Amino acid sequence: MSTYTQSILIAFIITIIFSFVLFIPWLIYTYRKYGYLSMSKTIIMLSFIFYFLSALCLVLLPFPSTRDTCSLQSANTVHTNLRLFQFVEDILKDSGVVVTNPSTWLIVTKQQAFFQSFFNFLLLMPFGVYLRYFLKERRYWKRAFLISFLLTLFYEVTQRTGIYGIFNCAYRIFDVDDLLLNSVGALLGFFLAPIIWALFPSHEEVEAKATEMEKKDIVKPISILLALVIDLFIAQTIWLIIGVLTGYSGTFEFLVKMVLYMILFGLIPSMMNGATLGMKVMRFTMVNRNGKSIVRQSWRRCVAIIATVCLSDAIATLGGIQLDMDSPFYVLQIVISLLTALAGFALTIIIAIHVIRVIVSGGKRRLYIDQYADLIATRKK
């Protein structure tokens, strides 16, 4: 039992790591598709990742202490069982069960072979539940059975090959009974799934809410922030690539960054009716309700972004000045370093509080860059 709990704990830790890595991509996906964060879909996806990793860890862990697993096994070690229903024979063997005497049937539940078979039956049952959620309709049960069979076949082949050659001999047996029990368990989960999914909003309910938000032209603040993150990520990526290719530094490095920001936040929106590349990804654009030129207002937004970046870089540059202790300005440099550290911290806190207030307002407040440019987000074309 400790082996099982340890495998599940490892899967839980990996799930947490995956959650941090996939958090922003998942937000981009769900806000792009639905316009809001569906908690039910988020819970379902995170639980699916956790389940899948748990199943994988239970199948593969613990690893042998050495890659030379052949040296740990006798020459007559069996790595494959192709005899169907061998598990029935293993359960009944030396169990004392008399088929014609029902009072002896409960003895089966005390057999190690029974627990192993029952575990294999349960292992993919949750997978069948998830398949019902993704495939939606009961009539796809054959497709669900095939997918489940292929998954358990992947597990068995992975075991039989010693994780595709990492270990020179298989350290677990390839068993056709596992293929049967896993697949049947998944199929049962597929048919029982509606009992569980009745607790969560359906696909139709999530889509209906997304459609209603689109009709009301509601663009959540998170969507606007994600678009900004995408644009900044694009700018940073291009900036790093140019830096690697040219090896620039100093003033030229700063100028390249400014040019990139002007292109991404000024030129592109001017040519794409107010939308940056990030906004295109998130499926909205910026407009001015007072009829002002979108080109002019887009450049005002660009100026606000560049001003913030320049202020942050100036603080970092001043704080990075280093003088020798023998310099007459050494004390002044220490004072400047302290002041710039305080200024950088204050700027970060101010922006963070501002962003939080924008998110909490649910759209009643705008980012200062949009407020300065007098722009609002819209999904209407």
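The structure, which is a predicted model, holds 1 disulfide, a term applied here to a pair of cysteine sulfur atoms within 2.5 Å. In general, a disulfide is a covalent bond between the sulfur atoms of two cysteines. The partners are C70 and C169, whose sulfur atoms lie 1.7 Å apart, and the link of C70 and C169 is right-handed, with 85 degrees about the S-S bond. Distant parts of the chain are joined by this pair, since C70 and C169 are 99 residues apart: C70 is placed in the loop between α2 (39-60) and β1 (80-81), and C169 in the loop between α7 (162-165) and β2 (174-175). Helices (H or I, at least four residues) and strands (E, at least two) are taken as DSSP runs and numbered from the N terminus. With a relative accessible area of 28%, C70 is partly exposed, whereas C169, at 16% relative accessibility, counts as buried; buried stands for under 20% relative accessible area, exposed for over 50%, and partly exposed for values in between, with a 1.4 Å probe and protein chains only.

C302 is in no disulfide, and the nearest cysteine sulfur, that of C310, is 10 Å away; C302 counts as buried at 1% relative accessibility. C310 is likewise in no disulfide, its nearest cysteine sulfur being that of C302, but C310 is partly exposed, with a relative accessible area of 27%.

Residues are numbered from 1 along each chain as its sequence is written. In this predicted model, local features need pLDDT of at least 70 and side-chain atom pairs count only at pLDDT 80 or more, while totals for chains, interfaces and linings use all residues, and side-chain values use heavy atoms, with hydrogens and water left out.

Helix packing was examined next. Two packed helices are described by the angle between their axes and the distance between the axes. Helix α5 (residues 125-135) packs with helix α6 (residues 141-160) at an angle of about 135 degrees, and their axes are 10 Å apart; the axes are lines fitted to C-alpha atoms, for helices over the stretch in contact, and angles run from 0 to 180 degrees between N-to-C directions. α5 and α6 are therefore oblique to each other, given that angles under 35 degrees count as roughly parallel, over 145 as roughly antiparallel, 65 to 115 as roughly perpendicular and the rest as oblique. On the side of α5 the contact is made by F127, L131 and L135, and on the side of α6 by R143, A144, I147, S148 and L151, where contact means heavy atoms within 4.5 Å.

Several features of the backbone fall in loops. L61 and P62 are joined by a cis peptide bond with omega of about -5 degrees, and P62 is located in the loop between α2 and β1. K136, although not a glycine, has a positive phi of about 75 degrees; K136 is found in the loop between α5 and α6 and is partly exposed, with a relative accessible area of 48%. A positive phi, near 55 degrees, also occurs at D217, a residue other than glycine, which is placed in the loop between α9 (203-215) and α10 (221-246) and counts as buried at 13% relative accessibility.

Finally, D326 lies in the loop between α13 (294-319) and α14 (330-361) and is exposed, with a relative accessible area of 76%. The C-alpha atoms of D326 and K292 are separated by 57 Å, the two residues being 34 residues apart along the chain.
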